[in-house]
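Try each task before you read its solution.

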Amino acid sequence: MELRRHIDQWLMEWKENREHKPALVRGIRQSGKTHSIQRFTESNYQVVIYLNFWDKPDLIDVFDGELDIDTIVRELSVKMPLPDLQEGSTVFFYDEVQECPRALLSFKTAANDKRFDYIASGSYLGVNGYVISDDTPKPVGCTDEFDMRTLDFEEFLWAKGYSDKEVSYIREAFDSRKPLSNSMHASFTSLFREYLCVGGFPEAVCNYIETNNIFSTLQTTRRITRNLQDDFGRRRGKDNKPLFHTNEVARIRSAFSLIPTFLGKDNKRFIVSKITGKGAKDAGKDALDYLKDAGIITKVHNLSVPSTPLSVNIIQNQYKVYTTDIGMLVGMLEDGTTEAILSGKLGMGKGVIYESLIADALYKRGGKCFYFARESRLELDFVINYHGASTILEVKAVDGNTKSAKTVMANPDHYGETQLIRIKDSNLSVSNNILTIPHYMTFLLFEWRPTLPA
């Protein structure tokens with residue numbers, strides 16, 4: 001089945017912008033980059049030149065020489081028959097471009113060559129050293145970039161067959177600060193619980209929609225997660241030798257497996273020293289950095305004070321770690337968890353899941369989020385910059401008090417000016433200047449706009 005994605009609109013705006021540069025699409029493996037780009041290129045260009053450097057590594061040496069487009073086309077024509085290249089209607093699509101750094105470097109020349117369009121995609125472009133033994137510089141300022149994540153809740157609704165009109169009911173309620181009808185609220189809550197179990201990997205979403213079998217979908221997500229873990233040991237450098245030693249792979253696996261463990265603790269802070277495996281003192285940190293750069297996890301840092309601008313108040317060595325797709329986390333938990341989610345009968349561990357799904361929603365909209373915690377047990381689940389104001393997000397699976405938030409808000413001289421949004425399993429309401437929204441509205445806190453840089 002075809003999935004509508006946010007990148008569809010971004011690519012159209014990119015193409016229509018007469019000053020566009022080569023496009024670079026980055027993101028976790030299995031997020032749907034290749035499929036979306038291929039669908040776009042086939043619908044909008046008469047000639048598509050597709051190169052996959054993972055499947056056909058022999059194409060890499062095409063870029064060993066001069067990187068002007070005429071030389072590349074000449075070298076490429078010996079490797080594979082090329083159709084007539086038509087100016088203005090030909091696109092070159094470089095897939096798995098992390099395997100060929102010089103193909104990405106060629107964008108420095110391609111950016112000034114207006115005859116053809118260029119799109120590249122890759123899954124490990126942020127990984128330090130993914131091209132061991134290769135000192136190719138990265139092109140700077142030569143690309144229009146898009147970070148692709150797995151499906152968010154809005155994309156999930158599209159996949160389920162809901163139109164923009166139906167999705168707009170959520171947005172209109174949020175913007176007007178008026179609750180949805182009880183019937184609509186119940187329906188969107190049920191749909192959100194489905195999304196919580198399924199996650200956003202395109203293959204898992206398609207499996208669920210086609211089979212309506214949550215157990216089968218769970219196995220799909222677990223298989224995808226295992227494949228991501230297998231990639232830890234499959235990565236190779238320019239010399240074709242393994243990117244990581246066995247003990248390094250073990251540390252990366254250990255770091256990944258510890259995520260639900262630490263989220264289940266009271267303060268949820270990730271303790272790097274608990275990562276097992278032999279290696280250097282900072283090897284645990286390196287393992288987390290790899291997972292983050294590969295798009296598998298996201299770090300949410302503690303703040304010294306929840307005051308804007310938030311980014312200047314980060315405590316670098318204190319952070320929580322979340323998977324970038326809620327389906328990964330649910331798949332790491334025991335069988336029966338999905339049934340409990342769908343029925344609304346989660347036990348005492350529900351806080352882990354509900355907090356993680358908020359981190360998931362915020363990450364997929366591209367916004368920065370933080371948390372605030374003190375040894376005095378003063379703790380704010382998340383802090384974001386919402387419309388220019390430091391905003392506390394209190395995440396509640398059901399009801400709960402907001403003692404920490406109220407303490408912070410009551411002491412602006414000490415903590416800065418803040419406002420509060422509560423996120424819980426209830427309809428939208430406003431009381432005493434506190435906005436309460438249901439979990440399924442979280443994606444609206446950061447408005448996703450597929451616009452190109454000025």
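## Exercise 1: The second largest cavity

The second largest cavity is lined by Asp-152, Phe-153, Phe-192, Tyr-195, Leu-357, Asp-360, Ala-361, His-439, Tyr-440, Thr-442 and Phe-443. Keep in mind that this is a predicted model.

**Task.** Which elements give two or more residues to the lining of the second largest cavity, and which gives the most?

**Solution.** 
1. Start with the elements. H8 and helix H16 (350–364) each give two or more residues to this lining.
2. Now pick the top contributor. H16 gives the most, with three residues.

## Exercise 2: The largest cavity

**Task.** How many cavities of 30 Å³ or more does a search of the whole structure find? Which residues line the largest cavity?

**Solution.** 
1. Count first. The search finds three cavities of 30 Å³ or more.
2. Take the largest cavity. About 80 Å³ of space lies in it.
3. Read off its lining: Thr-189, Phe-192, Arg-193, Tyr-354, Asp-425, His-439 and Tyr-440.
4. Find the main source. Helix H8 (residues 182–198) supplies the largest share of this lining, three residues.
5. Three lining residues are nonpolar, two are polar and two are charged.

## Exercise 3: The nonpolar cores

**Task.** Which members of the largest nonpolar core touch the most other members?

**Solution.** 
1. The largest nonpolar core has 84 residues.
2. Follow one of them. Beyond its neighbours within four places in sequence, Leu-291 is in contact with Phe-232, Ile-252, Ala-255, Phe-256, Ile-296 and Ile-297.
3. A second, separate core has 26 residues, including Val-47, Phe-63, Val-73 and Val-97.

## Exercise 4: One alanine

**Task.** Is Ala-103 buried or exposed? Which residues does Ala-103 touch, not counting those up to four places away in sequence?

**Solution.** 
1. Locate the residue. Ala-103 sits in helix H4 (residues 101–105).
2. Apply the cut-off. Buried means under 20% relative accessible area. Ala-103 has 0% relative accessibility, so Ala-103 counts as buried.
3. List the contacts. Ala-103 touches Phe-53, Phe-63, Tyr-94 and Val-97, with residues up to four places away in sequence left out.
4. Check one pair. Ala-103 and Phe-63 are 40 residues apart in sequence, and their C-alpha atoms are 6.1 Å apart in space.

Notes
Residues numbered from 1 in each chain as written. Predicted model: local features only at pLDDT ≥ 70, side-chain atom pairs only at ≥ 80, totals over all residues. Heavy atoms only, no water. Core = buried A, V, L, I, M, F, W, Y, C linked by side-chain atoms within 4.5 Å. Buried < 20%, exposed > 50% of the residue type's maximum accessible area, 1.4 Å probe, protein only. Contact = heavy atoms within 4.5 Å. Helix = DSSP H or I, 4+ residues; strand = E, 2+ residues; numbered from the N terminus. 1 Å grid on protein atoms, 1.4 Å probe; cavity = no way out; pocket = protein on both sides within 12 Å on 5 of 7 lines; lining within 4 Å. Points joined across faces, edges and corners; volume = space filled by probe spheres on them. Nonpolar A, V, L, I, M, F, W, Y, C, P; charged D, E, K, R; others polar.
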